Amino acid sequence: MLGILGTTALLLDSGPDDGWGSPKERAVLATLVANAGRVVPVKTLVEWVWPEDSAPHDPKRTCHAYATRVRWALDRLPSPPTLRCTQGGYRLEIDQSRIDLHQFRGVLAEARKHIELAPDRAIDLVEGAIWLWRGEPLADLTTEPARAWRQRVLRTDWLAAHTLRIEALIGLDRFDDALAALDEVQEDFPDDVTLAEQRLTALYGGHRIADAITYFFTTWHHLRDAGDEDTAKRLAQHHTALATGQPDPISPQATTVPRQLPHDVRDFVGRRQQFAALDHACAEPTGVVLLHGPGGVGKTTLAMHWAHRRRFRYPDGDLYVDLGGHQDRAALDAVVDDFLTALGQPPDPALTRRQRELLLSSLLSGQRTLVVLDNAPDTEHVRSLVTLLSSCQVIVTSRHRLTKLRAARRIAVPPMPADDATRLLTLQTHGDVPDAARLVDLCWGIPLMIAILADDLSNRPAAQRAEFAARLDRRRRLVAVDRYGDDDPPCLISSYRRLAAPERRLFRLLALHPGPGVSAEAASACDGRPLFATLRSLEILVRAHLVQQPDELDRFRVHDLLAEFTTHRLYLDEPPGTRDAARVRMLDFYVASATEAAHTAYPDYPAPTDGPADQSPRFAGAAEALSWLHRERTNLTAAVRAAHEASCHDQVWRLTDPVAFFLDRSGCTAEGRDLRELAVQAARAVGHRAGETTALIGLGLAHLTLDDQESARQALVTALRIADEIGLASGLTSALHALGRLAAREDDPIEALEFFHRGLVAAEKVDDRHSLSRFHHDIGSLLRTIDRRQEAITHLWQARWEAQRAGDKLAESISLTELGRTFRELGDCDRAEHHYLEALAISETVPDLALSARICVRLCGIDTRRRRFEQAVDHGRRAVELLRGSQDMVSQAQAAEILGDALYAAGEPAEAAQVWRRAADRFDHIGTHGAAIRVHAKIDNTHAAQERTVPFARGEAIMDPPHGNRDIHLGLT
């Protein structure tokens, strides 16, 4: 066979040979193979093989010489093809099935036959065909004719194969696999509309409705901006067909089946009674079971062993969290966020804590899911979570009985009986152990201690084991009479001292890490050695059972039973200077990593003016950076508190800035506020006034969000004074803007305007266009509320212009929306509609679906007032569509109510009642029962509307929604 899907190769039984001959010989054969069965004139051969500036002086003689060499090479094949010289050119006569490109096409044609009835078979065929590609086709040719041929083959063959495979994956409902494949292919073919249609299909199929709508608007506007109206229309039609097939509106749904259980243990011994008790307690698909017992006794091991063997009972997934590192209510919010992310619905930053909890409860409702809450410190840490997980089977492990957790069925997990403990030791040492019964007695029936002892024994020759057992027993007796210097368990002392010096030192230093699990990079920073050396030591510690490694390959943790021992050895064996240096290295790692992650995830995160040397990892993009921040959230907040306790003031305020910024964007304002209070103290302690200003502004904004207006004012006034004294322009504008917002919230528009105008002056001095747009917008919005609408229009126009200069499309759309609202209040519906439509076009390009939905709601109101009922309903439906799959169920409910109002006014009371019913269900679900009662009243009053013989839209007057003020609802902001 001959190969041109890559370099030009002779495909022999021993494998492809692409090193034969010179580059020009391979190029000549590639040209002939690409045109197999056809005469290739000498002129064409020269154009394909030689660039214009290097064509041979005597083309015929040169081509003849290369053709002769090609024939010699072809003679190596078992049945060599014939290369003829005819009609002023050359023709390669070969069975085309012996060319890899044509073999590929044949397999692809076979795969197409199976796409409908056997898509899994089609996938196997396509994947087999793709293996024929060794690289870009005609890789030995660089001329323009060859490039054109290559691009045509890539699009018609390579792309067709991947498109067919993705179609088959979608047909099998493997939507995540289809999206992963699309990620790769669309990098090379970003403008292919078929791939865009497949992405929309996969997103809708996987219930990722919000992602689908966002992708549609982004791609649709891109096609229109490029002038490709026909393709944009085709994509819009495909999207409409998919959207109309969805429930209206649809709630967020889990898009991932979570599988978070840590790995099962291999050497599981005993616990038959507790295993049977778990089976009995978990007979129903929901409920709470508490496994309680002393530390290290094997509660988690038992829970994992049972869960892995009963996993089939929970087809909708399993969730796991170690609560040992979540020591306060704010940190527990991270558990809710982590569970939402595991379910494929990472929370929108705009959602409040309660909205996130309701979202989690909604996603798990009706699902058969297992949840393990491991290592719960007390009842308060699990009570609120158990309430949210009422539709799941929940297993809680704790050292305590948690008597206030009344709904739980309790199963005690005692130390192992002597027989089981002996069998476990024997199993883990892979043979007989002298005096095994006496040895396990040293471990108090604790499986973790037995595992550590087993590892120690396994590393000793059989002849030394009896002597070792006697020494351990003697050490225990010395401890009992208080004559031995260390009061730690003898088996721990022995295993610790058997470690080499680097591993002992790393084991000690891990006690400095404040969070529940440490990454390899953080451990390396603390260790002060290269990553590969630290990883090697961590692997040794894992094998010795002194460090645990969950399923994540780069995460490690010290069992809480060993934590006291680790800390004891740290302060006993490590000098204070070494401890302090290791702590600073670890904190500097987190400072640099968090700062870079915040920069990558949030383009508007302000650049630091100074800081420690960059030790941080490199993030490929915003998604990877944001994922790192979510994964390390508990460690980061714990690191801030640990730095505060150790008086590492510089690290406190530097680390707080990116971490609190992330927490604020994640909707965890209270947690961010607490950290910023520490940052203010730390910045003052080291005299860093710019850092103090930044921390005070963040603290003031957090207080403002949490409605603590007095505390907000104190922090912001102090920040303003310091920023003015040191000439910090960014701090000055931020403080003035926040103070203006505070004054507006306190219903003091005069003071608010004063702050905003001062901010304008400060922003103009440094030509900060983003701040200029923001201040003009806020001034305009405030003037509108105090009936100074003409002045408001002037500032809003200026805000729009500054946003255009800054290239901030979202700010421009917001300013236009506010302009539309102002003109509507002035009674100028034409200009209001014009600005709303312009704002909508821009917001869809960002895209900001929530803003687009709000604009559609306002357009719906204008259309209804102007008796354009069909347009009103269209805008109402569009608002509902934009919010499909959104996590903001409040906006979903409001948009559905508005659409119902428009349908009622259009003379469609039956459909209006149907839509209102969905709105009422949303209001009830989120606990807004007053709104639900209002909407139910509208439904009850539709009976009278249905008795009318003339639709309202054709009557003399526009009817108000029954039992409600139309202006209130259609004027939704």
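## Questions about a predicted model

Reader: I'm looking at this predicted model. How many disulfides does the count come to?

Author: Let's start with what we are looking for. A disulfide is a covalent bond between the sulfur atoms of two cysteines. In this predicted model, a pair of cysteine sulfurs has to lie within 2.5 Å to be counted. By this rule the count comes to 0 disulfides.

Reader: Which cysteine has the sulfur nearest to that of Cys63, and how far away is that sulfur?

Author: Cys63 is in no disulfide. The nearest cysteine sulfur belongs to Cys85, at a distance of 9.7 Å.

Reader: And how far from Cys829 is the nearest cysteine sulfur?

Author: Cys829 is in no disulfide either. The cut-off for a pair is 2.5 Å. For Cys829, the nearest cysteine sulfur is that of Cys860, and the distance is 13 Å.

Reader: Now for the whole protein. What share of the residues is buried?

Author: Happy to step back for a moment! The protein has 44 helices and 13 strands, and its C-alpha trace spans about 95 × 95 × 65 Å along the principal axes. Of its 973 residues, the buried share is 52%.

Reader: Which residues touch the most other members of the largest nonpolar core?

Author: In soluble globular proteins, nonpolar side chains tend to be buried together. Here the largest nonpolar core holds 135 residues, and helix H6 (residues 144–171) gives the largest share of this core, 12 residues. The members that touch the most others are Leu2 and Leu138.

Reader: How many residues are in the second, separate core?

Author: You can find this second core through some of its members. They include Leu506, Ala682, Leu760 and Ala762. The size of this separate core is 130 residues.

Reader: How many bridges join S5 to S6?

Author: Strand S5 covers residues 82–86 and strand S6 covers residues 89–93, and they run antiparallel. One of the pairings puts Arg84 with Arg91 in S6. Together, S5 and S6 are joined by 5 bridges.

Reader: Which residue in the turn of that hairpin has a positive phi?

Author: S5 and S6 form a hairpin with 2 residues between them. Most residues other than glycine have a negative phi, and most peptide bonds are trans. In this turn, phi is about 55° at Gln87.

Reader: Which residue in S6 stands opposite Val40?

Author: S4 and S6 also pair in the antiparallel sense, over 2 bridges. Follow Val40 across to S6. The residue opposite is Tyr90.

Reader: Are helices H38 and H39 roughly parallel or roughly antiparallel?

Author: Two packed helices are described by the angle between their axes and the distance between the axes. The axes of H38 (residues 849–865) and H39 (residues 869–882) come within 8 Å and cross at roughly 160°. H38 passes H39 in a left-handed crossing. Angles over 145 degrees count as roughly antiparallel, so H38 and H39 are roughly antiparallel.

Reader: At what angle do H28 and H29 pack?

Author: H28 (residues 649–665) and H29 have axes 8 Å apart, and their crossing is left-handed. The two helices are roughly antiparallel to each other. Their packing angle is about 155°.

Reader: Is Leu675 buried or exposed?

Author: Leu675 lies in helix H29 (residues 669–686). The relative accessibility of Leu675 is 0%. Buried means under 20%, so Leu675 is buried.

Reader: What is the omega of the peptide bond from Val846 to Pro847?

Author: Pro847 sits in the loop between helix H37 (829–845) and H38. The bond from Val846 to Pro847 is cis. Its omega is near -15°.

Reader: Is Asp747 buried or exposed?

Author: Asp747 is in the loop between helix H32 (729–745) and helix H33 (749–765). Although not a glycine, Asp747 has a positive phi of about 60°. With a relative accessibility of 69%, Asp747 counts as exposed.

Conventions:
Residues are numbered from 1 along each chain as its sequence is written. This is a predicted model: local features need pLDDT of at least 70, side-chain atom pairs count only at pLDDT 80 or more; totals for chains, interfaces and linings use all residues. Side-chain values use heavy atoms; hydrogens and water are left out. Two strands pair if DSSP finds at least two bridges between them. Helices (H or I, at least four residues) and strands (E, at least two) are DSSP runs, numbered from the N terminus. A nonpolar core is a set of buried Ala, Val, Leu, Ile, Met, Phe, Trp, Tyr and Cys residues joined through side-chain atoms within 4.5 Å. Buried means under 20% relative accessible area, exposed over 50%, partly exposed in between (1.4 Å probe, protein chains only). Axes are lines fitted to C-alpha atoms, for helices over the stretch in contact, and angles run from 0 to 180 degrees between N-to-C directions. Angles under 35 degrees count as roughly parallel, over 145 as roughly antiparallel, 65 to 115 as roughly perpendicular and the rest as oblique. A crossing is left-handed if the near helix is turned anticlockwise from the far one by less than a right angle, and right-handed if clockwise.
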